[in-house]
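Biologist: Hello! Could you walk me through this one, giving the rule behind each label you use?

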Amino acid sequence: MDLHEKRIPIIKIRDFLIVSIQVDMHDKLAIQLQSQILEEIGRTGAKGVLIDISVLEMVDSFIGRMLSGMASMASIMDAAVVIVGMQPAVAITLVELGLEMPGVDTALNMEKGMEMLEKRLKDLEHNFF
Amino acid sequence: MLELAPDRNFELLGEYAIETEYDIVMARQTVRQFAKKAGMGIVDQTRITTAVSELFRNMYNYAGGGKVLIERGDVESHDALIITCIDHGPGIENLELAMSDGYTSGMGMGYGLPGTKRLVDRFEIQSKINEGTTVRIMKWK
């Protein structure tokens with residue numbers, strides 16, 4: 001597998017961005033993805049980001065911090081981040097590692113994550129009027 | 001090079017250099033393959049892969065890289081996968097502090113050592129200022 005020159009695609013559907021991480025990310029790629037997503041939020045005005053990590057076999061402290069950092073930055077830009085599909089072994093390891101991911105919402109799968117974001121959007125509209 | 005219990009006899013499975021970020025990714029994938037081959041379950045595979053990822057990154061960030069040995073052997077009648085990380089970096093001044101939970105060394109690499117220790121069955125570390133650091137972790141099958 002060529003690890004160089006990889007870019008992770010970001011797809012926009014309605015008000016949401018969808019990102020599916022399909023590669024074992026090295027640190028620079030993780031940082032690049034973080035800024036790529038924030039740029040896309042800024043460019044499209046997306047209200048939510050779904051990040052599918054179901055293929056990731058490992059989330060270490062660096063990737064964990066990248067994800068929670070992105071959630072706080074996105075929230076400043078008025079977008080919610082939902083991490084979907086974390087493997088049970090990854091969740092167990094993250095807790096044992098002692099890594100907390102404040103501000104990061106998680107959902108079991110893409111569909112549930114989408115429901116979370118839609119509900120949030122509806123609540124926001126409701127509160128506005 | 002610092003020696004950790006050199007009397008043990010392990011079978012060397014591989015030796016890898018960590019010089020770039022790509023090396024970190026390749027080496028942690030290699031460790032996972034060996035863990036799988038050793039018959040570890042998916043959670044233990046994930047634990048050992050995550051643990052080495054933390055150690056490899058420490059070597060890369062703080063010592064400019066280093067060397068990794070992957071071995072398999074019998075430790076106290078456990079079938080063990082043994083990973084040794086050797087660097088010639090600045091060394092760790094206060095090991096006790098570095099091993100205490102919540103300690104972070106400037107660049108936000110906080111959870112490194114104590115977190116890594118929790119993921120494995122055996123954790124050994126030696127460090128000498130201006131000579132380097134050797135960390136050896138073991139995971140039973």
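Modeller: Gladly; what follows covers the fold of one chain and then the contact.
This is a predicted model, where local features need pLDDT of at least 70, side-chain atom pairs count only at pLDDT 80 or more, and totals for chains, interfaces and linings use all residues. Residues are numbered from 1 along each chain as its sequence is written, while chains are lettered from A and ligands numbered from 1 in the order in which they are written.

Biologist: How do you know how many helices and strands chain A has?

Modeller: Helices are DSSP runs of H or I with at least four residues, strands are runs of E with at least two, and both are numbered from the N terminus. Chain A has four helices and five strands, in the sequence order β-β-α-β-α-β-α-β-α.

Biologist: Why does the radius of gyration of chain A agree with a compact globule?

Modeller: The radius is taken over C-alpha atoms, and the globule rule is 2.2 Å times the number of residues to the power 0.38. For 129 residues the rule gives a value near 14 Å, and chain A has 14 Å, so the two agree.

Biologist: What makes a residue buried?

Modeller: Having 20 or more other C-beta atoms, placed from the backbone, within 10 Å of its own. In chain A, 36% of the 129 residues are buried.

Biologist: What makes two residues count as in contact?

Modeller: Their C-beta atoms, placed from the backbone, must lie within 7 Å. The contact takes 20 residues from chain B and 18 residues from chain A. On the side of chain B that touches chain A, α2(B) gives the largest share, nine residues.

Definitions and conventions. A residue is buried if 20 or more other C-beta atoms lie within 10 Å of its own, exposed if 12 or fewer, and partly exposed in between; C-beta atoms are placed from the backbone.
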